[in-house]
Amino acid sequence: FEIDNSKTVNKSADYGSSITTYDNKAGTGYVLDHTSGLPLTIGTDASKNVIKVYYAIDNNNNGTPDKYEATVKYVVVNGTFEGETETSLTSTFVLATKNATTGEWTSTPKTLGNTVPTPVAATGYKAGSWDSVPTADTPVERGETTYTYTFVIDQFAYTVEHYYEETVGGEFKINGDKTDKGSANYGSSITTYDNKAGTGYV
């Protein structure tokens, strides 16, 4: 905090009297954060008869110091979150408690608690991982934090069956000995196979 001397007010009061109020000079883009020396009991040493008022930046003018505001974003890749259709969820936190009487703020650490969602894989994907694992006990950091869960594409088995004509113009019969098995990523396209026609076939 840096003092703005242009807003300093010098007054006088009776010895022993109590000063409990002050002029709020927050101005646009600022909000009261806290005070020191309040209430002030007037003594004989003027240098000690000082009330200090601290204002914090409030760029969005919502009445809460920006330094106490936090946004946590959860993002899922190749899936959604349990009970949701969205691929991102946002939770907001205020990392301080406001005194209803004085308007002053006191820092109050928070954790993610029950805001951590459960990722659900999209069709064709399997368990992946968080880039940084969020838990209910993870402390909330000031500003914006993003946690991303990425599901991994899954592989699935496929079969190539070879059928041979028993007689000219007759039925085709599978030759199980020549069946090929493989696996490939979900959604991939199989466009080739091993030609096993053999002698007398085409």
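## Salt bridges

The side chains of Lys67 and Asp33 meet in a salt bridge, with 3.2 Å from N to O. A salt bridge here is a side-chain nitrogen of Lys or Arg within 4 Å of a carboxyl oxygen of Asp or Glu. This pair links distant parts of the chain: Lys67 is in the loop between β4 (52–57) and β5 (69–77), whereas Asp33 is in strand β2 (residues 30–36), and the two are 34 residues apart. Strands (E, at least two residues) are DSSP runs, numbered from the N terminus. Asp33 is buried, with a relative accessible area of 1%, while Lys67 counts as partly exposed at 27% relative accessibility. Buried means under 20% relative accessible area, exposed means over 50%, and partly exposed lies in between (1.4 Å probe, protein chains only).

The structure holds two salt bridges. In the other, the side chains of Asp180 and Lys196 meet at 2.6 Å, N to O. Asp180 lies in strand β16 (residues 180–185) and Lys196 in the segment after β16, so the pair ties together parts that are 16 residues apart in sequence. Lys196 counts as partly exposed, at 25% relative accessibility.

## Basis of the description

This is a predicted model, in which local features need pLDDT of at least 70 and side-chain atom pairs count only at pLDDT 80 or more, while totals for chains, interfaces and linings use all residues. Residues are numbered from 1 along each chain as its sequence is written, and side-chain values use heavy atoms, with hydrogens and water left out.

## Aromatic pairs

A pair of aromatic rings is described by the distance of the centres and the angle of the planes. A search of the whole structure finds nine aromatic pairs. Rings of Phe, Tyr and Trp (its six-membered ring) pair if their centres lie within 6.5 Å; planes under 30 degrees apart count as stacked, over 60 as edge-to-face and the rest as tilted.

The rings of Phe1 and Tyr54 have centres 5.1 Å apart and planes at 75°, so this pair is edge-to-face. Phe1 is in the segment before β1 (18–19) and Tyr54 in strand β4, so that distant parts of the chain, 53 residues apart, are linked. Phe1 is exposed, with a relative accessible area of 61%, whereas Tyr54 is partly exposed, with 22%. Elsewhere, ring pairs link Tyr74, Trp130, Tyr147, Tyr149 and Phe151 into a cluster.

## The nonpolar core

In soluble globular proteins, nonpolar side chains tend to be buried together. A nonpolar core is a set of buried Ala, Val, Leu, Ile, Met, Phe, Trp, Tyr and Cys residues joined through side-chain atoms within 4.5 Å. The largest such core in this model has 13 residues, and those with the most contacts inside it are Val72, Tyr74, Phe93, Leu112, Trp130, Val140 and Tyr147. Strands β5 and β12 (143–153) each supply at least two residues of this core. The most comes from β5, which gives four residues.

Contact means heavy atoms within 4.5 Å. Apart from neighbours within four places in sequence, Trp130 is in contact with Tyr74, Val75, Phe81, Pro117, Pro119, Tyr147, Thr148 and Tyr149. Ser91 lies in strand β7 (residues 88–94) and is buried, with a relative accessible area of 16%. With the neighbours within four places in sequence again left aside, Ser91 is in contact with Ala70, Thr71, Val72, Tyr74 and Thr115.

Tyr163, Phe172 and Ile174 form a nonpolar patch on the surface, with about 320 Å² of accessible area together. Patches are made of residues with over 30% relative accessible area and no salt bridge, like charges being joined within 9 Å and nonpolar side chains (Val, Leu, Ile, Met, Phe, Trp, Tyr) within 5 Å. Accessible areas come from the Shrake-Rupley method with a 1.4 Å probe; for residues, only the protein chains shown count as cover.

Phe172 lies in strand β15 and counts as exposed, at 56% relative accessibility. Not counting residues up to four places away in sequence, Phe172 touches Tyr163, Tyr164 and Glu165. Lys173 is found in strand β15 (residues 172–174) and is exposed, with a relative accessible area of 52%. Lys173 and His162 are eleven residues apart in sequence and 8.3 Å apart in space, C-alpha to C-alpha. Beyond residues up to four places away in sequence, Lys173 touches His162, Tyr163, Tyr164 and Glu166. Ile174, also placed in strand β15, is partly exposed, with a relative accessible area of 36%.
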